[in-house]
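Subject: Structure handover

Hello,

Here is the structure I promised you. Please keep it open while you read my notes below.

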Amino acid sequence: MSKVETIYLKDYKAAKFKITNCDLVFELFEEYTQVTNMMHIVKADKNSKDIVLNSIELELTELYLNDSKLDDSRYVISENSLIVLDVPDEFKLIIINRIYPQLNSELEGLYKSGNIFCTQNEPEGFRRITPYLDRPDIMAVFKTTVVADRQRYPILLSNGNTATNFKLDDGRHGITWDDPHPKPSYLFALVAGDLGVVKDQFTTISGKLVRLNIYTDKGNESKCTHAMKSLKEAMVWDEEKYGREYDLSLYNIVAVDSFNMGAMENKGLNIFNSAYVLADEDTATDANFMGIQSVIAHEYFHNWTGNRITCRDWFQLTLKEGLTVFRDECFSADLNSREVQRIEDVKALRDRQFVEDASPTAHPIQPDSYMAINNFYTSTVYEKGAEIIRMIYTLLGEENYRKATDLYFDTFDGQAVRTDDFLWAMSEASKGNGIDLKAFENWYHQSGTPKLHVDENFVNGEYKLTLTQEVPSAVDGTEQKPYYYPLKIALLNDKGDEVIVKTLIVSKAKEEFVFKIDAKPFLSINRDFSAPVIIEHSDSHYGFLMKHDKNSFVRYESTQSFGVSTIEAMMTGDDIDEEYVRAFGHILDSDVDLSYKALLLELPGVSTIMQRQVQVDFEPIYKAKEKLAKHLAITYKDKLMKIYSQYHKPTCKDINPKSIGERSIKNRCIKLLCALESDEIIDIANKQYSDSLTMTDRVVALDILENISAEYAEAALSDFYGKYSDDTLVMNKYFSILAASHREGTLQRVISLQSDDAYNDIVPNSVRSLIGVFARNYKHFHAKDGSGYKFVIDKIIYIDKINPQMASGLAGAFKIYEKLNPQNKKVMKIELDRVVSTHSISKNVYEIVSKIIKKQP
């Protein structure tokens with residue numbers, strides 16, 4: 001491919017022009033859309049002569065400067081810009097151009113999702129709509145008029161509050177929207193369609209009435225109830241926890257099927273992937289309900305952490321995303337089980353971000369360069385960014401953290417700022433309490449996951465804890481500095497009582513902490529996962545902590561670590577560790593929250609074990625894990641069956657903590673029992689599929705049948721398909737079950753499923769559910785003959801022509817390349833070389849793959 005430009009943070013320069021107001025008129029037609037863009041522009045740099053506006057594939061109709069029409073001698077159109085020559089210090093610029101939303105398969109800018117016009121402008125989609133200074137530090141007041149056919153598009157939406165409605169004689173109509181709050185172009189939104197709506201209202205803490213609307217395809221209105229409930233809960237929570245009140249009289253959400261991301265926080269008009277809005281007990285799992293609650297809240301919280309205060313440039317992306325993820329995690333913890341939420345957050349971090357941190361694509365939460373900014377909407381920027389905010393919260397304490405965020409909002413409201421500005425506010429609140437946030441800044445600028453080596457010594461009533469940081473080098477080999485972070489610990493006596501509970505500050509490459517204590521204690525370390533580090537501890541007493549630790553995270557961590565060490569020993573030929581088996585039985589008998597208990601009984605995932613391997617070979621991992629699962633199922637069959645029978649309530653459809661917990665624990669039991677592959681378990685799974693009224697239970701049953709009984713699976717899956725073939729979101733579950741299957745022939749079935757009427761390469765959810773899930777199916781994706789790699793690379797090259805952002809997301813599955821065994825590495829390299837040698841490949845995909853194989857651009 002042609003030379004790819006790398007963008008560097010060090011090259012940032014303030015804009016030479018400012019746009020104060022932008023009035024837009026969209027005339028929507030089936031064949032094209034005409035955009036009229038009227039901007040009031042002021043020179044920030046008086047020495048500038050020409051204004052360079054970002055633009056892609058511009059089809060210019062007319063151009064006016066202060067009402068004078070310009071001929072082509074006064075402007076230059078290039079591939080990525082419109083340059084207007086010799087402009088005055090202050091002026092009005094009117095641009096009339098034509099775009100083709102119905103042909104836009106990249107789903108950036110203005111496009112059509114089915115029969116709905118909608119937009120996605122973060123990070124750089126607005127330039128596909130009309131020429132603009134398309135960067136987050138240009139904040140203007142927008143007024144938008146949308147005109148369309150009244151019958152086809154009765155609903156016309158944009159940012160802000162409704163100003164005027166009007167009808168035209170030709171069967172068309174229009175609405176003008178005013179947004180009083182200055183915003184960058186990436187927060188602009190437009191929707192037009194024939195939509196159903198669910199309406200509600202919310203009264204803010206100051207007594208202001210806000211109208212709430214959720215728009216969706218007609219017929220789906222009943223599936224918006226949970227989303228609306230979640231929105232109102234988020235509005236209350238943000239007032240109570242952060243003192244943040246909503247600032248418009250209207251809050252609209254629109255659900256669309258074709259969307260690259262989960263959702264978008266456009267001011268006053270959130271556009272959502274329908275998967276994060278639509279749910280009922282028949283079509284959505286418990287995890288879907290929890291996901292909707294979280295994402296609805298996340299986008300609402302962005303109103304202050306992202307919209308009112310936004311990023312100066314895209315290198316500051318974690319400023320809004322890391323902070324907002326932390327906020328939505330705390331919201332979910334407050335509304336549900338705090339211990340379960342924390343564990344789920346850490347599981348997600350380790351499954352995605354730790355893998356990224358260990359790969360050639362590792363980057364700090366504030367990167368210093370990129371080729372395609374879309375590639376940095378990563379787990380590092382989001383989830384690791386949230387962990388870093390959490391550490392600040394821990395260091396400051398709840399009261400000082402609230403003072404710091406209040407200062408941040410008061411100081412920077414209405415501005416585009418940097419992570420340094422956020423850290424300034426945090427530092428102001430921490431003055432006088434011994435917290436060094438200057439040293440903490442390494443978390444923003446260094447990559448990789450640090451390790452902490454733990455050594456203990458006890459002599460004559462003195463317990464010495466020695467901590468040694470192991471900080472990985474950056475991807476380019478640069479040595480990195482030690483980190484500064486809080487480390488929650490406890491010292492337990494032999495009964496499990498907490499003798500000492502303390503938050504240590506780790507700040508040096510090596511340091512010692514000394515405690516006076518009567519007897520040698522048991523160490524409970526990194527409680528609540530207080531820091532995103534890997535603990536290396538040879539004397540961990542996992543069995544004791546599994547039974548006795550009162551910290552829910554360390555108890556979970558101990559069960560996982562003991563499971564990992566047991567499986568690793570089996571991979572080298574050792575017998576199953578019966579101490580682990582007995583500790584597992586203790587958990588089965590324990591009286592704890594059922595959702596939490598289900599997590600404690602979960603065997604370590606393949607990804608968890610893989611990350612600890614110097615050289616990864618998936619076959620021995622699967623073999624050992626399957627052997628351990630079968631041994632546990634045989635040993636505890638009666639107990640597992642008893643728990644299953646106690647909590648299996650097929651007619652219960654309630655979505656509350658008690659019912660969700662009951663489904664979680666009995667489904668954990670039946671999934672473990674399926675290792676027996678017996679007729680009895682097949683019959684139980686088949687009956688669960690037939691009798692249960694919740695999608696949660698049916699999906700678990702289908703997954704079990706698909707993996708242990710081809711005959712029963714075929715019948716059940718055929719029944720499922722017949723019931724739900726017209727429901728796009730449910731069909732995505734169908735594709736995922738088949739793509740994740742461990743049975744032989746999975747790749748061939750995935751290839752065949754691409755011809756199914758319910759599958760569509762243009763719809764991101766569809767691609768993620770089939771191709772994306774297969775790429776996470778370690779057993780078949782990593783087949784020794786390279787067939788899985790070849791299939792996914794073929795799809796990446798093909799989809800890249802349709803939607804580069806979707807294709808680069810699939811390329812992330814290859815980040816493990818460097819750690820693979822020689823055979824897998826060899827066949828993967830052949831396929832990756834095909835990508836970088838493809839002349840037409842996008843910069844999105846090229847950036848990911850070239851980093852994986854360390855090819856220079």
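Helix α11 is followed by G573, whose phi is positive, near 105°. Helices here are DSSP runs (H or I, at least four residues), strands are DSSP runs too (E, at least two), and both are numbered from the N terminus. The model is predicted, so local features need pLDDT of at least 70 and side-chain atom pairs count only at pLDDT 80 or more, while totals for chains, interfaces and linings use all residues. Residues are numbered from 1 along each chain as its sequence is written, and side-chain values use heavy atoms, with hydrogens and water left out.

Back to α11. The helix has 20 residues. From first C-alpha to last it reaches 29 Å, close to the 28 Å expected at 1.5 Å a residue. The expected span is 1.5 Å times one less than the number of residues. Of the 20 residues of α11, 16 are buried, so the helix is largely enclosed by the rest of the structure. Buried means under 20% relative accessible area, exposed means over 50%, and partly exposed lies in between (1.4 Å probe, protein chains only).

T566 sits in α11. With 3% relative accessibility, T566 counts as buried. Its side chain reaches the backbone oxygen of F562 at 2.8 Å. Leaving aside residues up to four places away in sequence, T566 touches D577, Y580 and L628. Contact means heavy atoms within 4.5 Å.

L628 leads us to α15. L628 is among the buried residues of α15, as are F618, I621 and Y622. What covers the buried residues of α15 includes α11 (552–571), α12 (578–589) and α14 (606–612). Helix α15 covers residues 618–635. Its 18 residues should span 26 Å at 1.5 Å a residue, and its end C-alpha atoms are 26 Å apart, which agrees. At the start of α15, a side-chain oxygen of D617 comes to within 3.4 Å of the backbone nitrogen of E619.

Next, a helix pair. Two packed helices are described by the angle between their axes and the distance between the axes. The axes of α1 (residues 225–242) and α3 (residues 317–335) come within 11 Å and cross at roughly 105°. That makes α1 roughly perpendicular to α3. Axes are lines fitted to C-alpha atoms, for helices over the stretch in contact, and angles run from 0 to 180 degrees between N-to-C directions. Under 35 degrees counts as roughly parallel, over 145 as roughly antiparallel, 65 to 115 as roughly perpendicular, and the rest as oblique. Residues of α1 in this contact include W237 and K241; those of α3 include F326 and D334.

Now strand β15 (residues 172–183), which holds K183. Is K183 buried or exposed? At 2% relative accessibility, K183 counts as buried. A polar contact of 2.9 Å joins the side chains of K183 and D179. A polar contact is a pair of N or O atoms within 3.5 Å; within protein, one must be able to donate a hydrogen and the other to accept it, and residues adjacent in sequence count only if both atoms are side-chain atoms.

Last, two alanines. A710 is in α20 (residues 710–724). At 40% relative accessibility, A710 counts as partly exposed. A710 and R743 are 33 residues apart in sequence, yet 8.5 Å apart in space, C-alpha to C-alpha. A474 lies in the loop between β26 (462–470) and β27 (485–492). At 18% relative accessibility, A474 counts as buried.

Best wishes
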